[in-house]
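Please read the following report alongside the sequence and the model.

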Amino acid sequence: MLQDTIEREFREKVSSEVELMAEGKGRYQVLTPFRFDDGDHLSIVLKQQEGERWVLSDEANTYMRLTYEIDEKDLGRGNRKKIIDNALSVFQIEDCEGELLIDVRDGQYGDALYSFVQALLKITDITYLSRERVLTPFRDDFRALCKESVPEDRLTFDWHDPQRDPKKLYRVDCHVNGMSRPLFVHALDGNRATRDATVALLKLEGWGWKFHSLAIFEDQGKISGNVLARFSDVCGRQFSNLTGNRDRIARYFEEIISAGNGG
């Protein structure tokens, strides 16, 4: 009777295609028509916890699937983190060491399933940020790495020479100070950004700045040969991508800062 009652409420509140499959005492697999982008269904289990508490759980499946496309560390930073945190807050989802849970309150099984499905779909939306290569996640990741690797009082983002460039035409994505020769860091996500960085470094050099330069690409393989060649003539250290070189970049920051004079 309990299974029939819950299944009926799920169908009324969520979808007529919802089914419950018993998997033992106090545990049901919840089959819904909602899917991940690869075609697999959302993983949802209805189970009884201590006492009379019933919860819906993804049993940590959602985060696991996200890490197929996104580095686990990146789930906790930038726009991705904001999307996840907002979904958890809006739909009152508990994150229990990676397992997502929602309580069935006052016997409202249908309402709980509706909220849970909506939250899981919102969270999986972050995969679009990676596939569409939107600028913001890469730049958020770049800033997060800079903040993790360099004391914040030595960082200035979107820096420009205030005296020679009051209109901010020749920007540096991140300026690391506190050394006799500062480190100018550029985050490059395409040909245009790479061209702009080339011009900026040439201009700063022409103004007499003595500096070290570092470039972190989103994907260096996407930059056309001529654009990359000209940039390489004016830039010092380069990393072909951020995700695969996170530890190397952090070590480079540490080495150049510890050298004191710019390394």
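Contact here means heavy atoms within 4.5 Å, and axes are lines fitted to C-alpha atoms, for helices over the stretch in contact, with angles that run from 0 to 180 degrees between N-to-C directions. Helices (H or I, at least four residues) and strands (E, at least two) are DSSP runs, numbered from the N terminus, and two strands pair if DSSP finds at least two bridges between them. This is a predicted model, in which local features need pLDDT of at least 70 and side-chain atom pairs count only at pLDDT 80 or more, while totals for chains, interfaces and linings use all residues. Residues are numbered from 1 along each chain as its sequence is written, and side-chain values use heavy atoms, with hydrogens and water left out.

**The mixed sheet**

Five strands form an open sheet with mixed pairing, in the order E7-E8-E9-E10-E11. Its edge strands are E7 and E11 (237-239), each of which pairs on one side only, and neighbouring strands are turned by 20 degrees against each other on average, direction ignored. Strand E10 (residues 212-217) runs parallel to E11 and is joined to E11 by three bridges; Leu-214 has Arg-237 in E11 as its bridge partner. Helix H8 (residues 225-234) lies across E9, E10 and E11, at about 150 degrees to E10. Helix H9 (residues 246-258) also packs on this sheet, where it touches strand E8 (172-176), E9, E10 and E11, and its direction makes about 170 degrees with that of E10.

**The antiparallel sheet**

A six-stranded open sheet has antiparallel pairing and the order E1-E2-E3-E4-E6-E5. Strands E1 (19-22) and E5 (94-96) stand at the edges with a single partner strand each, so one side of each has no neighbour in the sheet. The twist from one strand to the next averages 30 degrees. E5 and strand E6 (residues 99-103) run antiparallel and are joined by three bridges, and Asp-95 has Leu-100 in E6 as its bridge partner. Helix H1 (residues 2-13) lies across E1, strand E2 (27-31), strand E3 (45-48) and strand E4 (54-57), running at about 150 degrees to E1.

**Two buried residues**

Buried means under 20% relative accessible area, exposed over 50%, and partly exposed in between (1.4 Å probe, protein chains only).

| Residue | Helix | Relative accessibility | Contacts |
|---|---|---|---|
| Thr-62 | H2 (residues 61-66) | 1% | Leu-100, Leu-120, Ile-123 and Thr-124 |
| Ser-149 | H6 (residues 135-149) | 18% | Ala-250, Phe-253 and Ile-257 |

**Aromatic rings**

Rings of Phe, Tyr and Trp (its six-membered ring) pair if their centres lie within 6.5 Å, and planes under 30 degrees apart count as stacked, over 60 as edge-to-face and the rest as tilted. By this rule there are eight aromatic pairs. The ring centres of Trp-159 and Phe-184 are 5.0 Å apart and the planes stand at 25 degrees, so this pair is stacked. Because Trp-159 lies in E7 (residues 155-159) and Phe-184 in E9 (residues 183-188), the pair ties together parts that are 25 residues apart in sequence.

**Confidence**

The pLDDT, the predictor's confidence in each residue from 0 to 100, averages 89 over the chain, with 94% of the residues scoring at least 70. Over residues 131-135 the pLDDT is below 50, and this stretch has seven contacts in the model beyond near neighbours in sequence.
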